[in-house]
Amino acid sequence: MSSESSKKRKPKVIRSDGAPAEGKRNRSDTEQEGKYYSEEAEVDLRDPGRDYELYKYTCQELQRLMAEIQDLKSRGGKDVAIEIEERRIQSCVHFMTLKKLNRLAHIRLKKGRDQTHEAKQKVDAYHLQLQNLLYEVMHLQKEITKCLEFKSKHEEIDLVSLEEFYKEAPPDISKAEVTMGDPHQQTLARLDWELEQRKRLAEKYRECLSNKEKILKEIEVKKEYLSSLQPRLNSIMQASLPVQEYLFMPFDQAHKQYETARHLPPPLYVLFVQATAYGQACDKTLSVAIEGSVDEAKALFKPPEDSQDDESDSDAEEEQTTKRRRPTLGVQLDDKRKEMLKRHPLSVMLDLKCKDDSVLHLTFYYLMNLNIMTVKAKVTTATELITPISAGDLLSPDSVLSCLYPGDHGKKTPNPANQYQFDKVGILTLSDYVLELGHPYLWVQKLGGLHFPKEQPQQTVIADHSLSASHMETTMKLLKTRVQSRLALHKQFASLEHGIVPVTSDCQYLFPAKVVSRLVKWVTVAHEDYMELHFTKDIVDAGLAGDTNLYYMALIERGTAKLQAAVVLNPGYSSIPPVFQLCLNWKGEKTNSNDDNIRAMEGEVNVCYKELCGPWPSHQLLTNQLQRLCVLLDVYLETESHDDSVEGPKEFPQEKMCLRLFR
């Protein structure tokens with residue numbers, strides 16, 4: 001084995017003895033390659049199987065030599081080193097053999113990879129050729145399909161029927177003897193006839209166009225004449241304005257109002273027409289006007305346009321909506337509520353003037369989705385009023401028109417269908433929105449011609465002019481009466497708060513010349529506080545203490561006696577009298593439940609109120625009742641029995657003559 005390894009370790013370079021070094025350097029590359037040993041060439045000559053056997057044999061020899069070296073080292077001795085050196089040399093020879101085998105294996109691997117790459121390139125080239133061929137086949141198939149599906153332009157032309165063609169076409173075009181048997185010639189003949197007809201129609205079309213241009217020119221001339229006429233008419237109307245104002249005939253303003261009224265919803269239009277007619281016929285001081293945006297009203301009746309701009313902007317809107325936060329359920333409900341409670345852009349305003357130059361401003365609105373009308377009220381006076389504390393609710397827009405008709409408080413919707421609409425959007429009652437929208441009184445609906453029968457609900461409610469006309473005069477009179485009564489109360493409360501009971505000269509005969517008892521306090525009372533008073537239980541049980549009434553407390557004194565009077569003021573005052581409940585604090589607490597005289601005093605002001613009304617329209621009823629209470633308290637105290645055991649003068653000496661002992 002050592003001889004074989006020594007043979008293998010011979011130099012790889014084949015040298016030529018005696019050759020000069022300079023000559024070696026000048027030789028060509030081919031000659032130099034032939035002089036050197038090439039392992040790549042040797043790989044082709046060697047058998048891989050034999051190399052593998054040689055590899056196994058070399059590994060076994062190395063294992064054996066290593067084991068012998070280990071054994072010799074363990075034995076020790078003088079001759080051991082020489083033997084170990086010999087075995088070490090043999091081992092190095094085997095290592096050289098392993099290195100050579102490793103190089104040969106790497107060369108074989110590289111050659112295998114190169115061969116695989118070359119084969120892959122050939123396959124890719126064949127595949128590319130195949131794809132090119134398939135593409136050419138597909139292209140040819142498409143061209144064939146196009147040829148098969150080709151449609152001539154004449155197929156799109158709607159030709160006349162064969163019967164009509166042979167009937168109307170001249171013989172030189174139809175050529176029946178030729179075209180009857182040849183479909184191709186028949187089609188050509190029909191196309192020639194179609195061309196002839198179209199030429200004839202084109203000539204007729206040109207004639208029509210020339211006639212149209214003549215007519216358009218005539219129209220333009222007339223338009224110019226009309227356009228020049230409009231400024232002249234405007235100048236005439238402008239010049240006639242002073243004459244209209246002097247004669248109180250505002251035709252121009254009325255014309256503008258009627259033009260705007262065309263865009264009103266039906267209920268507001270009915271109200272506008274009937275109120276204008278009533279003002280012209282019965283009340284010249286009634287002013288009717290239309291407020292709001294006419295452009296917005298016009299936009300409500302425009303049909304939706306499917307414009308291309310909306311379609312082009314849809315992508316941008318989608319991107320924006322994806323970026324935006326999705327609205328919550330609460331926000332969606334709020335939007336639905338706002339949409340349901342939306343008012344019409346136009347409103348009708350009525351200015352109702354009273355005798356004392358006070359004006360009631362009424363603004364009527366129409367809720368489009370609920371199909372009801374609402375009203376907002378405001379009272380203005382010729383002179384600025386000093387508002388007493390107790391008169392705060394008298395001219396309040398929320399209560400000045402409450403119960404104009406009995407039971408019509410304006411806090412509920414008169415349309416029964418609205419409740420189902422409210423349930424969908426989570427609205428409990430309309431009373432939460434009346435301050436913003438206005439009050440939907442029943443008389444407001446009738447002025448607009450709307451009627452909502454509860455027994456037989458109608459699907460669609462139509463504004464009726466006759467219904468509005470039948471209620472217009474009565475309602476206008478009630479509105480004037482309400483404003484006058486509230487203004488009278490306003491002035492009376494200013495005196496009552498200062499302890500003065502104003503009695504007009506027309507009512508002086510109702511009372512004695514000297515009244516000792518005096519009013520010391522007049523304040524407003526909340527509805528809840530009135531309900532809790534112990535001496536008002538009878539009024540509460542009788543159902544006369546509604547939440548729409550106004551409540552006041554009066555305190556009348558004479559000496560140590562104090563008379564409390566709880567007053568219920570109905571919104572319909574003075575047609576509905578106030579109701580008094582009394583409580584006297586003198587020698588104990590006395591009410592109608594423990595003192596018949598107190599009950600008689602209540603009956604005197606509550607039952608026998610008609611003699612205290614005074615002259616029509618009875619605006620002095622409340623102050624006359626209070627003055628009567630002062631007189632009754634004097635009579636009660638002066639006629640009360642005196643305790644003889646107490647020395648000194650009487651606290652309440654008799655100063656009046658009671659001419660009427662009983663009713």
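Reply: A crossing is called left-handed if the near helix is turned anticlockwise from the far one by less than a right angle, and right-handed if clockwise. Keep that in mind for the first pair below. The model is predicted. Its protein chain has an average pLDDT of 83, and 84% of the residues score at least 70.

Two packed helices are described by the angle between their axes and the distance between the axes. Take helix α5 (residues 48–75) and helix α6 (residues 80–149): their axes lie 9 Å apart and the packing angle is about 155°. Angles over 145 degrees count as roughly antiparallel, so α5 is roughly antiparallel to α6. The crossing in which α5 passes α6 is left-handed. Sorted by class, the residues in the contact of α5 with α6 are 15 nonpolar, five polar and eight charged.

Now the second pair. Helix α21 (residues 465–496) and helix α25 (residues 621–639) have axes that come within 10 Å and cross at roughly 30°. Angles under 35 degrees count as roughly parallel, and α21 and α25 are therefore roughly parallel to each other. From α21, the residues Leu489, Gln492, Phe493 and Leu496 meet Leu622, Thr623 and Leu626 of α25. This contact of α21 with α25 has five nonpolar residues, two polar ones and no charged ones.

Some stretches call for caution. Over residues 1–27 the pLDDT stays under 50, and the model has 20 contacts beyond four places in sequence for them. Residues 306–312 also stay under 50 in pLDDT, with one contact beyond four places in sequence.

Notes:
Residues are numbered from 1 along each chain as its sequence is written. This is a predicted model: local features need pLDDT of at least 70, side-chain atom pairs count only at pLDDT 80 or more; totals for chains, interfaces and linings use all residues. Side-chain values use heavy atoms; hydrogens and water are left out. Axes are lines fitted to C-alpha atoms, for helices over the stretch in contact, and angles run from 0 to 180 degrees between N-to-C directions. Helices (H or I, at least four residues) and strands (E, at least two) are DSSP runs, numbered from the N terminus. Angles under 35 degrees count as roughly parallel, over 145 as roughly antiparallel, 65 to 115 as roughly perpendicular and the rest as oblique. Contact means heavy atoms within 4.5 Å. Ala, Val, Leu, Ile, Met, Phe, Trp, Tyr, Cys and Pro count as nonpolar, Asp, Glu, Lys and Arg as charged, and the others, Gly among them, as polar. pLDDT is the predictor's confidence in each residue, from 0 to 100.
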